[in-house]
Amino acid sequence: MKKPVLVIKFGSASITTKEGEIDERIVLEIARQTAQLQAKYNIVLVSSGAVAAGKKFLVNYEGSLSERKAAAAIGNPLLVRTYSTYFKPFKIALAQSLCERQHFANRAQFLQLKDTYHELWKNNVIPIANENDVVSNKELKFSDNDELATLIAVGFGAEQILFSTSVPGVLDATGNVVPEIKVIDKDALLLAKKEKSSVGLGGMTSKLNFARLANQMGIQAVIFSMQAEDAILKAVRGETGTVCRPQLKKVSSRNKWLASGSLIKGLITVDAGAAKAIQDRKSLLAVGITAVNQNLEVGEVFQISDMEGVVFAVAKAKIAIVDLPSIHKKKNVAVAHADDIVLL
């Protein structure tokens, strides 16, 4: 029987010391626990830490984009070498997978990535993914590896995605871990603290937003800390951290890619009537659009938000979108067909 896919993401703060050194004690635990799961799962490790590990080699590092790229170039081989050292006693080989946003935005390239991962798994090799910071022409926002891990999880139809972070889970107002979130709604998002670690780009808001996307695509997400004993093994069983439950709905592989992997080109805001129509699986008509933030060409992908600014769908443009006046002249013309709209 085909093994389910498990994606495990490690944030910079969870695998490095305060001094920016890779915490080898944590890497050993990752290797030990992952080795116990490999027989049951096809595993992808998504690991931050390259910039944190490499920046100490740069004089007067201040965190500019070029400095971050240079730090990543230095840190990536150090990171992979450390992982390989600790996985070797468990007879597990690792493969480095440096990804760019275009690998997910272009479906043909994504399918090639998918074929490569399946070949690695067939040979009991675990891919360890990170963004290709050195040549990426996007600012390192995508290097928020929460997004990269989620794109992989959704694209590969993962059973679970685990987010390892510096705190033991999502915390409530009294500082206690929230053990379960059934639906990540506005109230759940308010639990996220705005601060982030000194070495990472993400934060709890990022993790909850991407956990929400994973849940909507039928994937369970767990936010946990490696400081707990047998943390990964317990997270897989839902026994530590915060478990975010998946929504039980069927989404085609094409629409999963459209919702998560496509390169979003713009944002369109719609009125209440259009929002309801879209929720009822109707097409988006020009008359319901209240704001357009970006010109769009035919076939480009955009997000759809309601009047409160909540993004609730993504869609592929059926016609070119220039500005609001030109759109309103079309009135009942479909801007996006119902089959090309994915509800989030």
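**Figure 1. Side-chain contact between serine 164 and serine 14 in the predicted model.** In this predicted model, the side chains of serine 164 and serine 14 are joined by a polar contact of 3.4 Å. Serine 164 belongs to strand β5, which comprises residues 160-165. The relative accessibility of serine 164 is 0%, so this residue counts as buried. Beyond neighbours within four places in sequence, serine 164 is in contact with Lys9, Phe10, Gly11, Ser14, Phe224 and Met226.

Figure 2. Lysine 207 is located in helix α9, residues 204-216. The relative accessible area of lysine 207 is 5%, below the 20% limit for a buried residue, and lysine 207 is therefore classed as buried. With residues up to four places away in sequence not counted, lysine 207 touches Lys9, Asp146, Phe163, Thr165 and Ile223. Helix α9 contains 13 residues and extends 18 Å from its first C-alpha to its last, close to the 18 Å expected at 1.5 Å a residue. Because ten of these 13 residues are buried, α9 is largely enclosed by the rest of the structure. The buried residues are Met204, Ser206, Lys207, Leu208, Phe210, Ala211, Leu213, Ala214, Asn215 and Gln216. Glycine 218, which follows α9, has a positive phi near 85 degrees.

Figure 3. Phe110, Leu113, Tyr117 and Trp121 are buried in α6. These residues lie on the same side of α6, because they cover an arc of only 75 degrees around the axis. The exposed residues Gln112, Asp115 and Lys122 are carried by the face of α6 turned away from its buried side. Just after α6, asparagine 124 adopts a positive phi of about 60 degrees.

**Figure 4. The eight-stranded sheet and the packing of α6.** Eight strands form an open sheet with mixed pairing, in the order β3-β4-β2-β1-β5-β7-β8-β6. Its edge strands are β3 (93-99) and β6 (180-181), each of which pairs on one side only. Helix α6 packs on this sheet and touches β1 (5-10), β2 (42-47), β3 and β4 (125-131). The direction of α6 makes about 145 degrees with that of β4. Glutamate 180 has valine 243 of β8 as its bridge partner.

Figure 5. Strands of a sheet pair through backbone hydrogen bonds, in a parallel or an antiparallel sense. Strand β9 (residues 264-270) runs parallel to strand β12 (residues 301-305), and five bridges join them. Within this pairing, glycine 266 has phenylalanine 302 of β12 as its bridge partner. Strand β9 runs antiparallel to strand β11 (residues 289-292), to which three bridges join it. Threonine 269 is bridged to alanine 291 in β11, and valine 270 has isoleucine 289 as its partner in β11.

**Figure 6. Alanine 320 in the loop between β13 and α13.** Alanine 320 is placed in the loop that lies between β13 (311-316) and α13 (324-328). Its relative accessibility is 35%, so alanine 320 counts as partly exposed. Alanine 320 touches Leu296, Glu297, Val298 and Ile327 when residues up to four places away in sequence are not counted. Alanine 320 and alanine 274 are separated by 46 residues in sequence and, from C-alpha to C-alpha, by 19 Å in space.

How values were computed: Residues numbered from 1 in each chain as written. Predicted model: local features only at pLDDT ≥ 70, side-chain atom pairs only at ≥ 80, totals over all residues. Heavy atoms only, no water. Helix = DSSP H or I, 4+ residues; strand = E, 2+ residues; numbered from the N terminus. Buried < 20%, exposed > 50% of the residue type's maximum accessible area, 1.4 Å probe, protein only. Polar contact = N/O pair within 3.5 Å; in protein donor to acceptor, adjacent residues only side chain to side chain. Contact = heavy atoms within 4.5 Å. Arc of directions from axis to C-beta. Pairing = 2+ DSSP bridges. Axes fitted to C-alpha atoms, helices over the stretch in contact; angles between N-to-C directions. Expected span 1.5 Å × (residues − 1).
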